[in-house]
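The sequence and the model come first, and a description by parts follows.

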Amino acid sequence: MQRRLILLRHGQTSYNATKRMQGQFDSELSDHGRAQAETVARHFVSHDMGITKIVASDLQRATETAQIIGRELGLEVTQDARLRETHLGQWQQCSHAEVDGAYPGARVRWRHDPEFCPPGGESRVQVAARTSSMVFDLMDSYADWDGHTVLLVAHGGAIGALTARLLELPVPNYPLFNGLKNTAWSQLLARPRYTLGDQDSPDTGNAAIPENLLALEQQAGQGDAPRDDQWYLEAWNAQVMP
């Protein structure tokens, strides 16, 4: 059994173009963002990515990107609020310069500390917990996933946190992924987890989940996550240009 997952960031918005922080502010795609979505949609069709299901964040920039792709693929789009971007609290709708002026050094810490929350917002660890719960629910409910691809259309910060969680990185390593570009994607593949003691398994290898990771997941509210599958990273920041 194997299940492929594509995590696509939405197309460009005017906020992206002017380096303003959106978070969960419900901004619209720009004309360039729509063109980006149309380009990636044609790419998915021409390369036969095997996409059979599309789920989007309910924020309109992600939903519209998903709908453009869905029309090209002949698929309906469902929404899930758990795929929303990080809530940035008091930073939402502010420019990078405005945040840096009001909170010196805080944005740098936010980039590097997965447990840091912007004032009134949420941490990367919290985002990883809610987005991964959506994926785990889908793994349980979508029986036709095996041998096919699910496309989730979401946001750069949410996708980075989710990718790190699915790969079971230690929480301090969550910020290792660089920024995801508009309509770029992360691609992962889930296979049955290899464990020592499996029939015909070699004497080397270590698929056990480290105890320190289990403890960190419990702190983040992720301790009950299913563990029958192992996720592998196939691509990060993959992109086609309009």
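## Terms and basis

Axes are lines fitted to C-alpha atoms, for helices over the stretch in contact, and angles run from 0 to 180 degrees between N-to-C directions. Helices (H or I, at least four residues) and strands (E, at least two) are DSSP runs, numbered from the N terminus.

This is a predicted model, in which local features need pLDDT of at least 70 and side-chain atom pairs count only at pLDDT 80 or more, while totals for chains, interfaces and linings use all residues. Residues are numbered from 1 along each chain as its sequence is written, and side-chain values use heavy atoms, with hydrogens and water left out.

## Overall layout

The protein has 8 helices and 6 strands. Along the sequence they follow the pattern β-α-α-β-α-β-α-α-α-β-α-β-α-β. Of the 242 residues, 51% are buried (buried means under 20% relative accessible area, exposed over 50%, partly exposed in between, with a 1.4 Å probe and protein chains only).

Contact means heavy atoms within 4.5 Å. Among contacts between residues at least 6 apart in sequence, 77% join residues at least 24 apart.

## The sheet

The 6 strands form an open sheet in the order S3-S2-S4-S1-S5-S6, with mixed pairing. Two strands pair if DSSP finds at least two bridges between them. Strand S3 (77–79) and S6 are the edge strands, each pairing on one side only. From one strand to the next, the twist averages 25°.

Strand S1 (residues 3–9) is mostly covered, with 6 of its 7 residues buried. S1 is joined by 6 bridges to strand S5 (residues 185–192), and these two run antiparallel. Ile6 has Gln187 as its bridge partner in S5. Another set of 6 bridges joins S1 to strand S4 (residues 149–154), and here the strands run parallel. In S4, Leu5 is partnered by Val150 and Leu8 by Val153. Helix H7 packs on the sheet and touches S1, S4, S5 and S6; its direction makes about 155° with that of S1.

## Helices H6 and H7

Two packed helices are described by the angle between their axes and the distance between the axes. Helix H6 (residues 124–141) packs against helix H7 (residues 156–166) at an angle of about 70°, and their axes are 8 Å apart. H6 is therefore roughly perpendicular to H7 (angles under 35 degrees count as roughly parallel, over 145 as roughly antiparallel, 65 to 115 as roughly perpendicular and the rest as oblique).

On the H6 side the contact is made by Arg124, Val127, Ala128, Thr131, Ser132, Val135 and Phe136, and on the H7 side by Ala158, Ala161, Leu162, Arg165 and Leu166. By class, these are 8 nonpolar, 2 polar and 2 charged residues (Ala, Val, Leu, Ile, Met, Phe, Trp, Tyr, Cys and Pro count as nonpolar, Asp, Glu, Lys and Arg as charged, and the others, Gly among them, as polar).

## Nonpolar cores

A nonpolar core is a set of buried Ala, Val, Leu, Ile, Met, Phe, Trp, Tyr and Cys residues joined through side-chain atoms within 4.5 Å. The largest one has 34 residues, and those with the most contacts inside it are Leu5, Val135, Trp145, Leu152, Leu166 and Trp231. S1, H6, S4, H7, S5 and strand S6 (229–238) each supply at least two of its residues. H6 gives the most, with 8 residues.

Leaving aside neighbours within four places in sequence, Val135 is in contact with Leu5, Trp145, Leu152, Leu162, Leu166 and Trp231. A second, separate core of 17 residues includes Leu8, Phe44, Ala62 and Val240.

## Residues in loops

Glu122 lies in the loop between helix H5 (106–112) and H6, and is buried, with a relative accessible area of 13%. Glu122 and Thr86 are 36 residues apart in sequence and 6.4 Å apart in space, C-alpha to C-alpha. Not counting residues up to four places away in sequence, the residues that Glu122 touches include Glu85, Thr86, His87 and Arg130.

The loop between H7 and S5 holds Thr183, which counts as buried at 2% relative accessibility. Glu168 is found in the loop between H7 and S5 and has a positive phi of about 60° although it is not a glycine. At 15% relative accessibility, Glu168 counts as buried. Gln93, in the loop between S3 and helix H4 (96–102), has a positive phi of about 75° although it is not a glycine. Gln93 is partly exposed, with a relative accessible area of 35%.
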